[in-house]
Amino acid sequence: MSVRQRNVLWTFLCCGLGVAMVSLDNLVVITALPSIRGDLGGSIQQLEWTVNAYTLTYSVLMLTGAALGDRFGRRRMFGIGMGVFVIASAAAALAPGIGALIAARAVQGLGAALLMPLNLTILTEAAPVRRRGALLGAMSAVEGVAIAMGPLLGGAVVEHLSWQWIFWINVPIGAVVLPVARWKLAESHGPSPRLDLVGTVLASAGLFGIVFGIINGHADHWTSVRVLLSLAGGAALLIAFVRWERRAEHPMFPMKLFRHRTFSAMNVAGLLMFAGMFGSVFLLTQFLQGPRGYTPLEAGLRILPWTAVPVFVAPLVGLVSDRVGGRTIVALGLAFQALGLGWIAARASPGVPYPSLIPALVLCGLGMTFYFSPTANMVMSAVDAGERGMASGAISALRELGGVLGIAVLASVFSAHGDLTTADRFTDGMVPAVWTGVALIACGALAVLLVPRRPRDGRSAGPEPAVPGCVGDLV
């Protein structure tokens, strides 16, 4: 293996560990909530905010993280984000009360927002063109597996160690990644010579209003004054953001990106996919622990047919997508995901035999793999090289927004038809909620069909920037 190939491998390892840490912390806390309440106390609403505080800062500041990376250096901001994430993880593990834990989780989300949107850009510029699809496919698979493995890892850690270790585990990983990233990652910048401060503030404030309204929609009711004002204010600020960006000399987010059909369609599909998947996984883990009576670890193990499939299938899918294109593969993946969740919704009952759900879980695993593997390469190849930082930030932000929206919407559907009092009532609420998730993912599959059969390649706009010590003579 040459020095340049080793540097590509180091880049993948650094970015992959960053993606895994950030993605795991999305759902890893869910199975630990009863233990956290036993140690720190707190109301149900406060426990919910141990999840929501992370989601809020993470999704709201994603575009800001991408903009800061473009302006001040992607490797530099990746390192700062990793450092913030690790310090906040230690603070969460040491939290003396529920308020301190919520604050630490919010800072964790800040660190995640700084490092997450830069991963794809750093890896894209380091990867040889002929191997980019496979590498980005593998990275997307890492993200998908980490999201799905969150409940399993959380259950195992809580059952055999303590809830604090779901945060402590990030510290040694970050301590290893930080010096390696400084040593091995190549620095790169975006095309804008200065930061668009007005655009950054408008985007952050607008997304905050939208996400805050969605998070509180279920608890406060969607027609409450606070929720409606939050959603309306956020929408107004985002409209102002779009108008500002169209006139700005050095915009934070180039609106011309949405002229690319591939970019627009894949962002819509990503939002709908994450909405349906996150909301369904949230309910499925509760179903296995509630009506089915499994422990957190047992519930996580029973989701393995879903989460283990990408480990074996993702590399092959990434290689195939390089040859045949990702449009058909992604649409097929969303169809598999919808079919798997539809199978679960059709079979769900308090006494359903677990083996009858295994084919559905395998279908979901195939769907997740087929969706994640080609997506990153499709989006990053659809835009010019200088726009990849913001493209990565946009798709990451919309996916996270989709996850927030999915949990809120499916929880509202659940509450309208059932409750937590008995196994039958839980199933009454879960079935229509999961069917809602199926409908969202099916709409995502239709959005993918808007992608051109031969998507524009961003490399056609000019020579791809060489990454010292990585790509040079491999391209």
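# A tour of helix packing and cavities

Select Ala88 to begin: with a relative accessible area of 3%, Ala88 is buried, a word that here means under 20% relative accessible area, with exposed used over 50% and partly exposed in between (1.4 Å probe, protein chains only). The model on your screen is predicted, so local features need pLDDT of at least 70 and side-chain atom pairs count only at pLDDT 80 or more, while totals for chains, interfaces and linings use all residues. Residues are numbered from 1 along each chain as its sequence is written, and side-chain values use heavy atoms, with hydrogens and water left out.

Ala88 belongs to helix H5 (residues 74-93); helices are DSSP runs (H or I) of at least four residues, numbered from the N terminus.

Next, select helix H4 (residues 62-72) together with H6, whose axes are 7 Å apart and pack at an angle of about 65°. The axes are lines fitted to C-alpha atoms over the stretch in contact, and angles run from 0 to 180 degrees between N-to-C directions. H4 and H6 are therefore roughly perpendicular to each other, given that angles under 35 degrees count as roughly parallel, over 145 as roughly antiparallel, 65 to 115 as roughly perpendicular and the rest as oblique.

Now move to helix H16 (residues 327-347) and helix H17 (residues 358-381), whose axes come within 7 Å and cross at roughly 155°. That angle makes H16 roughly antiparallel to H17, and H16 passes H17 in a left-handed crossing. Coloured by class, the contact of H16 with H17 shows 20 nonpolar, 5 polar and 1 charged residues, where Ala, Val, Leu, Ile, Met, Phe, Trp, Tyr, Cys and Pro count as nonpolar, Asp, Glu, Lys and Arg as charged, and the others, Gly among them, as polar.

Stay on H17 and select Val379, which lies in that helix and is buried, with a relative accessible area of 1%. From Val379 to Ala391 the C-alpha distance is 7.3 Å, although they are 12 residues apart in sequence.

The cavities come next, a cavity being a set of points on a 1 Å grid over the protein atoms alone where a 1.4 Å probe fits but cannot get out, with lining residues having an atom within 4 Å of a point. Grid points are joined across faces, edges and corners, and a volume is the space filled by probe spheres set on the points. The largest cavity has a volume of about 110 Å³; of the 13 residues that line the largest cavity, select Met116, Leu120, Glu143, Ser396 and Arg399, the closest to its centre. Helix H6 (98-126), helix H7 (132-160), H17 and helix H18 (388-417) are the elements that give two or more residues to this lining.

For the second largest cavity, the volume is about 70 Å³, and of its 11 lining residues those closest to the centre are Tyr58, Met116, Glu143, Phe274 and Glu400. H18 gives the most to the lining of the second largest cavity, with 3 residues.

Finish at Asn216 in helix H10 (residues 197-220), which counts as buried at 7% relative accessibility.

Methods. A crossing is left-handed if the near helix is turned anticlockwise from the far one by less than a right angle, and right-handed if clockwise. On a 1 Å grid over the protein atoms alone, a cavity is a set of points where a 1.4 Å probe fits but cannot get out, and a pocket is an open set with protein on both sides within 12 Å along at least five of seven lines; lining residues have an atom within 4 Å of a point.
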